[in-house]
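Colleague: I have some questions about the labels on this model. Please set each label against its cut-off.

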Amino acid sequence: MTEQTPKPMDQEALSQWVREQFQRANKHLAENGVLFESVVTEESRYLAPYVAVWKIKANDKSFHWVISGDVPCDFMPYETEKNARAAIRRFSFNWQMKAENIRQSGTTDKTQLEFATLLETRAEGLYDIQADEKLWANA
């Protein structure tokens with residue numbers, strides 16, 4: 001999601017990045033009252049160092065899509081979208097709407113306006129990722 005092309009990650013760096021993003025995702029869920037039970041790895045996807053999308057099973061047996069990486073952590077019910085690609089598209093749409101709502105609110109809070117800009121730029125990057133057929137050829 002950053003403008004520069006990152007250096008290729010070796011397996012150790014990739015594993016570390018995946019662990020960190022998984023921890024961020026679980027922390028975000030916990031902060032929002034959702035306790036993690038397990039992850040459905042075969043349906044989760046990541047494109048290091050940009051984005052990871054996890055299908056998480058909560059303790060209450062519900063499932064959620066959770067996004068982390070070079071993006072704000074966020075989550076939504078699994079039922080909203082049935083695969084990681086569709087979930088990325090939905091996060092993109094949701095963030096565009098949130099950014100627009102912030103701007104339409106008339107706020108002059110610099111932090112909120114900067115957050116709206118972050119949401120917009122990350123939403124655009126997510127849209128490009130979900131639209132890139134070669135990234136999903138084996139999904």
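Colleague: Why is K61 called partly exposed?

Modeller: This is a predicted model, so the values are computed from it. The relative accessible area of K61 is 48%. Buried means under 20% and exposed means over 50%. The 48% of K61 lies in between, so K61 is partly exposed.

Colleague: Where is K61 found, and what is its phi?

Modeller: K61 is found in the loop between β3 and β4. Its phi is near 75 degrees, a positive value in a residue other than glycine.

Colleague: What makes the bond between A48 and P49 stand out?

Modeller: That peptide bond is cis, with omega about 5 degrees. P49 is found in the loop between β2 and β3.

Colleague: What is the order of the elements in the chain?

Modeller: There are three helices and five strands. From the N terminus the order is α-β-β-β-β-β-α-α.

Colleague: How do you know how compact the chain is?

Modeller: Its radius of gyration is 15 Å. For 139 residues the globule rule gives 14 Å. The two values are close, so the chain is as compact as a globular protein of that length. Along the principal axes, the C-alpha atoms fill a box of roughly 45 × 40 × 25 Å. Buried residues make up 36% of the chain.

Colleague: Which residues touch the most other members of the largest nonpolar core?

Modeller: They are V51, V53, W65, I67, F91, W95 and L126, in a core of 21 residues. β3, β4, α2 and α3 each supply at least two residues of this core. The largest share, seven residues, comes from α2.

Colleague: What is W95 in contact with, leaving aside its neighbours within four places in sequence?

Modeller: Contact means heavy atoms within 4.5 Å. On that basis the partners of W95 are I67, V71, P72, D74, L119, R122, A123 and L126. Apart from this core lies another, of 10 residues, including W17, V18, I56 and A58.

Colleague: Which residues lie nearest the centre of the largest pocket?

Modeller: R45, Y46, L47, L135 and W136 do, out of 15 lining residues. β2 and β3 are the elements that give two or more residues to the lining. The volume of this pocket is about 210 Å³.

Colleague: How many of the lining residues are nonpolar?

Modeller: The lining has 11 nonpolar residues, along with two polar and two charged ones.

Key. Residues numbered from 1 in each chain as written. Predicted model: local features only at pLDDT ≥ 70, side-chain atom pairs only at ≥ 80, totals over all residues. Heavy atoms only, no water. 1 Å grid on protein atoms, 1.4 Å probe; cavity = no way out; pocket = protein on both sides within 12 Å on 5 of 7 lines; lining within 4 Å. Points joined across faces, edges and corners; volume = space filled by probe spheres on them. Helix = DSSP H or I, 4+ residues; strand = E, 2+ residues; numbered from the N terminus. Nonpolar A, V, L, I, M, F, W, Y, C, P; charged D, E, K, R; others polar. Core = buried A, V, L, I, M, F, W, Y, C linked by side-chain atoms within 4.5 Å. Buried < 20%, exposed > 50% of the residue type's maximum accessible area, 1.4 Å probe, protein only. Rg over C-alpha atoms; globule rule 2.2 N^0.38 Å.
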